[in-house]
Amino acid sequence: MEYLAIADEIRKLGVRANADNPIDAKKALEFGAEGIGLCRTEHMFMEQERLPVVQDMIMAESEGFRQEALNKILPMQKGDFYEIFKIMDGKPVTIRLLDPPLHEFLPELISVLMEAEQLKITNSLMKNLVNQSPLDNVINEKMAIIAKIRTLEEENPMMGLRGCRLGITWPEINEMQVRAIFQAACQLKKEGLNPIVEVMIPLIGMVSELKLVKDDLVKIAAETIKSYGVKLDYKFGTMIEIPRAALTSGEIAKEAEFFSFGTNDLTQMTYGFSRDDAEGKFIPIYLEEGIMKENPFEVLDQTGVGRLMKMSVEEGRKARPDLKCGICGEHGGEPSSIIFGHTIGLNYVSCSPFRIPIARIAAAQAVVLEKKQ
Ligand code: PEP
Ligand code: MG
């Protein structure tokens, strides 16, 4: 372990972890994380006992019903955040508001269609045999799910209704998450701990999106803090994952206290590749043909994606000199990408807990390489 301690003495980049639950947060600390750079809240929604409530929220036909489901989710999310902040006491925790398209929380269309067909067959057999249709209600519920899945269907979900667009369409989802975050943090503060909260708004392409979402949420944060009567350290920031956000970073930084480069999406959108399709189909051919030297989803493309990042950091800091910048895409745990992050002046990298030792070493190597030049 001694060489890790030496690396820590040398490095300038902070090293944080991507962790979505208390177990990963603990693991991250063991590996030497200095905070959480990305807590993906959707993973909390996916847990078995929560998914039905999340589905109720999605299926809700009115704001009232949606709010009812959200009221059930809030204490669960608050509990998660409470544990994570407690483990990370005194260290920053960046919590990303809901990001994926909502259809990801619903069952596959084909499986619900098949279930509905089977129920209809059983129901009509019962009707013929005993003149009863006991499954009418279940069938109606299945048909409602089918209709909802169809309304949420998108040609290209990764470029569709996700990220901040969800929060703009259904502000009450973000509002619930922010209440849960600040209630958890304020409670810990009352208990004498020191939670450091960073709320991250995903998939911004325009400053006007960020402003609309943030202005609403800042009010909720302030109200919650006031109701607990505590003082709390917090920031609102955004992910830079869309080339337009990188290109307009000067404007965006006026509304964001930190930038976190989501290089998975930024790579996807800069190349115009859909990651799942590209890696499965043509990137292997591109590598074989020498069109690309490395898979850009593993090793950051410094020439294109990196150029956008460099520009974004520079423009962002012109508008807000103390803008904190980090990276939370998978590249945050890849050595050459970490070294690049150092050269463009990032404050930290964030990666999976298991990659933290690698990140600590690479961050130190970046300093040594810089001195050699
Ligand atoms: C990213 O895009 O780099 C990111 C961290 O977000 P996602 O959850 O979409 O990978
Ligand atoms: Mg992303």
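## Basis

The model is predicted: local features need pLDDT of at least 70, side-chain atom pairs count only at pLDDT 80 or more, and totals for chains, interfaces and linings use all residues. Residues are numbered from 1 along each chain as its sequence is written, chains are lettered from A and ligands numbered from 1 in written order, and side-chain values use heavy atoms, without hydrogens or water.

## Largest pocket

The largest pocket has a volume of about 600 Å³. Of its 25 lining residues, Met-158, Arg-162, Asp-265, Gln-268 and Asp-276 are the closest to the centre. A pocket here is an open set of points on a 1 Å grid over the protein atoms alone, where a 1.4 Å probe fits, with protein on both sides within 12 Å along at least five of seven lines; lining residues have an atom within 4 Å of a point. Volume is the space filled by probe spheres set on the points.

Strand S2 (36-40) and helices H3 (42-45), H13 (263-271) and H14 (275-280) each supply at least two lining residues. Helices are DSSP runs (H or I) of at least four residues, strands (E) of at least two. The lining holds twelve charged, seven nonpolar and six polar residues. Asp, Glu, Lys and Arg count as charged; Ala, Val, Leu, Ile, Met, Phe, Trp, Tyr, Cys and Pro as nonpolar; the others, Gly among them, as polar.

## Second largest pocket

About 300 Å³ lies in the second largest pocket. It has 14 lining residues, and the closest to its centre are Pro-52, Gln-55, Asp-56, Met-59 and Ala-60. Helices H4 (51-59), H5 (63-87) and H7 (136-152) each give at least two residues to this lining. By class, eight are nonpolar, five charged and one polar.

## Magnesium and ligand 1

Glu-241 (OE) and Asp-265 (OD) coordinate the magnesium ion (ligand 2) at 2.0 to 2.1 Å. Glu-241 sits in the loop between strand S5 (233-240) and helix H11 (243-247) and Asp-265 in helix H13, so the pair ties together parts 24 residues apart in sequence. Donors are N, O and S atoms within 2.8 Å of the metal (3.2 Å for Na, K and Ca). Both Glu-241 and Asp-265 are buried (under 20% relative accessible area, 1.4 Å probe, protein chains only).

Ligand 1 is surrounded by 13 residues; Arg-40, Arg-96, Gly-262, Asn-264 and Asp-265 are the closest. An oxygen atom of ligand 1 lies 2.7 Å from a polar backbone atom of Asn-264. For Thr-263, a backbone N or O atom is 3.0 Å from a ligand 1 oxygen.

## Ala-253

Ala-253 belongs to helix H12 (residues 249-253). Ala-253 counts as buried because its relative accessibility is 0%. Its C-alpha atom is 6.2 Å from that of Ala-319, 66 residues apart along the chain.

Definitions and conventions
Buried means under 20% relative accessible area, exposed over 50%, partly exposed in between (1.4 Å probe, protein chains only). A residue is near a molecule or strand if one of its heavy atoms lies within 4 Å of it. A polar contact is a pair of N or O atoms within 3.5 Å; within protein, one must be able to donate a hydrogen and the other to accept it, and residues adjacent in sequence count only if both atoms are side-chain atoms.
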